[in-house]
Amino acid sequence: MCGRYASSRGPEDLAGIFEIEKWEPEETLEPDYNVAPTKEVYAVLDRPLKDADSPRPVRQLRKLKWGLVPSWAKTPEGGARMINARAETVHEKPSYRRAFAARRCIVPADGYYEWVTGEQERDLEVEGKKKRPRKQPYFVLPADGSVFAMAGLYEFWRDRTLPDDHPRAWWVTCSVITTEAERTPLAVSPAEGPHTLADIHPRMPLMLTPDRWDAWLDPSRTDPDGLRDLLTPPPVGLMRAYPVPTAVSNVRNNGPELLKELEAPEEGTLF
């Protein structure tokens, strides 16, 4: 799954990477090293500009809320639970299929966090002893340091309790698509701990390589079968993972120190 990630690149950097044509300075976000559900996040999308003379899709960097609220939802309360959509079923699930056909985006990240429970503490849990398992967080990122372009969907939701001119009358929300985690060796493996992404968690965000960005963002592509071809996982051997401080487990903690690479898992969280 993808429940937490880091995003430190600014709009100027992202504009160059994704060839952004339009972004609003007032939508600039501060670097966030502990992005959690319901936070505002950057998303790259192709969409015609409002009130523009041309219907041509424009590559935009937008600020969206993470946690998709379907357009037909009566309230936005379920958004926090809809942070991920499964690649295997995204084309048929009522909450996602319309967005999959017409409103796809890229959620840029440095990488994502995932937690592994230490072997000794897992054994205690299995034995029924009342000790809460302590989980070791790992940071997963492209081995070459490039942007982690997560496949995403976005949706518009209208709050009918507010007037049209209210700033919160419209919500724009997004979800990250996940796929089965790789079972092949990581490009760089930690000395101690997992050697594949599947050792960390059975799911992972679907990373789009640059050769798929244009096709994924193209709103004129609406055929579900053709779009599903774009959901193929990226080539193996592109990722690395390393243990990071357990401070990232508290969403109130935020800063580049959360990305510090540990030489080994913290004591009590051995893999």
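1. A word on terms before we start: Ala, Val, Leu, Ile, Met, Phe, Trp, Tyr, Cys and Pro count as nonpolar, Asp, Glu, Lys and Arg as charged, and the others, Gly among them, as polar. Please also keep in mind that this is a predicted model.

2. With those classes in hand, let's look at the largest cavity. Its lining divides into 5 nonpolar, 2 polar and 2 charged residues. They are Pro70, Ser71, Trp72, Pro94, Ser95, Tyr96, Arg98, Ala99 and Glu155. The space inside comes to about 30 Å³, and the count of cavities of 30 Å³ or more is 1.

3. Now for the overall build. The chain has 6 helices and 13 strands. Its radius of gyration is 19 Å, close to the 18 Å that the globule rule gives for 271 residues, so the chain is as compact as a globular protein of that length. Along the principal axes, the C-alpha atoms fill a box of roughly 60 × 40 × 35 Å.

4. Next, the interior. Of the 271 residues, 51% count as buried. The largest nonpolar core has 32 residues, and Tyr5, Trp66, Tyr112, Met150, Tyr154 and Leu197 are those with the most contacts inside it. Strand E10 (residues 148-158) gives the most to this core, with 4 residues. Another core, of 31 residues, lies apart from it and includes Ala85, Ala99, Ile106 and Ala151.

5. Leaving aside residues up to four places away in sequence, Tyr154 touches Leu45, Asp46, Arg47, Leu64, Leu68, Ala99, Arg103, Arg104, Cys105, Val172, Thr173 and Cys174. For the whole chain, 72% of the contacts with a separation of 6 or more join residues 24 or more positions apart.

Conventions:
Residues are numbered from 1 along each chain as its sequence is written. This is a predicted model: local features need pLDDT of at least 70, side-chain atom pairs count only at pLDDT 80 or more; totals for chains, interfaces and linings use all residues. Side-chain values use heavy atoms; hydrogens and water are left out. On a 1 Å grid over the protein atoms alone, a cavity is a set of points where a 1.4 Å probe fits but cannot get out, and a pocket is an open set with protein on both sides within 12 Å along at least five of seven lines; lining residues have an atom within 4 Å of a point. Grid points are joined across faces, edges and corners, and a volume is the space filled by probe spheres set on the points. A nonpolar core is a set of buried Ala, Val, Leu, Ile, Met, Phe, Trp, Tyr and Cys residues joined through side-chain atoms within 4.5 Å. Buried means under 20% relative accessible area, exposed over 50%, partly exposed in between (1.4 Å probe, protein chains only). Helices (H or I, at least four residues) and strands (E, at least two) are DSSP runs, numbered from the N terminus. Contact means heavy atoms within 4.5 Å. The radius of gyration is taken over C-alpha atoms; the globule rule is 2.2 Å times the number of residues to the power 0.38.
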